[in-house]
Amino acid sequence: MGKILLLLTVLSITQLQAQWVPMIGDSLTIRGLTSHGDTIIAGTTTGRIFVSPDLGDTWTERSAGLPAQTVINIGVTANGSIICNIAQKICRSSDWQTWEEVYVSPLGSGFSLAIIDSLIMFGTHSNGALHASLDNGDTWSILGTGFIAGVGASGDTLYMGKSNGLHIS
């Protein structure tokens, strides 16, 4: 019986691995990834953004104006702009082709990004600071410091991981 379970496990893992198909070239390392309807947006460790409007069938690079640094996080705001975090910077593209720097954290590099409608939350490593924009990235405030380990969003719910557990808003 044990040998049959082992064989089934190996076959299941083999089957699972066979489902992954490369989509954007094997020389790119993807770090930031999000979707918006049928559109997939991928950011690389070299500061390049690729957009697929058809669930990955075709890809177009949309990196004009981005620094050649790792795209850590990426998301889409309520008004349809793409937001990405590169080091301590937040960059935005409203036309999905060119980029502008909209915020530079005075408290270090970012590691976490969450977007709910026009609210953007951005967590940074140094001091565990939480930064926020209520207007799709036009203006920014530091909400506080402490050990913020991550921020995330699902629907209208915001989550924040800290040294004392997971918090919800």
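User: Before we start, what do the numbering and the confidence limits rest on?

Analyst: Residues are numbered from 1 along each chain as its sequence is written, and side-chain values use heavy atoms, with hydrogens and water left out. As the model is predicted, local features need pLDDT of at least 70 and side-chain atom pairs count only at pLDDT 80 or more, while totals for chains, interfaces and linings use all residues.

User: Happy with that. In what order do the strands of the open sheet run?

Analyst: The general idea comes first: strands of a sheet pair through backbone hydrogen bonds, either parallel or antiparallel. Strands here are DSSP runs (E, at least two residues), numbered from the N terminus, and two of them pair if DSSP finds at least two bridges between them. In this structure, four strands make an open sheet in the order S5-S6-S7-S8, with antiparallel pairing. Strand S5 (71–76) and strand S8 (100–104) are the edges, each pairing on one side only.

User: How many bridges join S7 and S8?

Analyst: Strand S7 (residues 89–93) pairs with S8 over four bridges, in the antiparallel sense. Lys-89 stands opposite Val-104 in S8.

User: Now the rings. Which residues form the aromatic cluster?

Analyst: Rings of Phe, Tyr and Trp (its six-membered ring) pair if their centres lie within 6.5 Å; planes under 30 degrees apart count as stacked, over 60 as edge-to-face and the rest as tilted. The count by this rule is three aromatic pairs. Tyr-103 and Trp-140 are stacked, at 4.8 Å centre to centre with 20° between the planes. Tyr-103 lies in strand S8 and Trp-140 in the loop between strand S11 (130–133) and strand S12 (141–144), so this pair ties together parts 37 residues apart in sequence. The ring centres of Phe-122 and Trp-140 are 6.4 Å apart and their planes at 75°, so that pair is edge-to-face. Tyr-103, Phe-122 and Trp-140 form one aromatic cluster.

User: Is Trp-140 buried or exposed?

Analyst: Buried means under 20% relative accessible area, exposed over 50%, and partly exposed in between (1.4 Å probe, protein chains only). Trp-140 is buried, as is Tyr-103, and Phe-122 is buried too.

User: Last topic: how many disulfides are there?

Analyst: A disulfide is a covalent bond between the sulfur atoms of two cysteines; the rule here asks for sulfur atoms within 2.5 Å. The count is zero. For Cys-84, the nearest cysteine sulfur is that of Cys-91, 4.8 Å away. Cys-84 is buried at a relative accessible area of 0%, and Cys-91 is buried at 2%.
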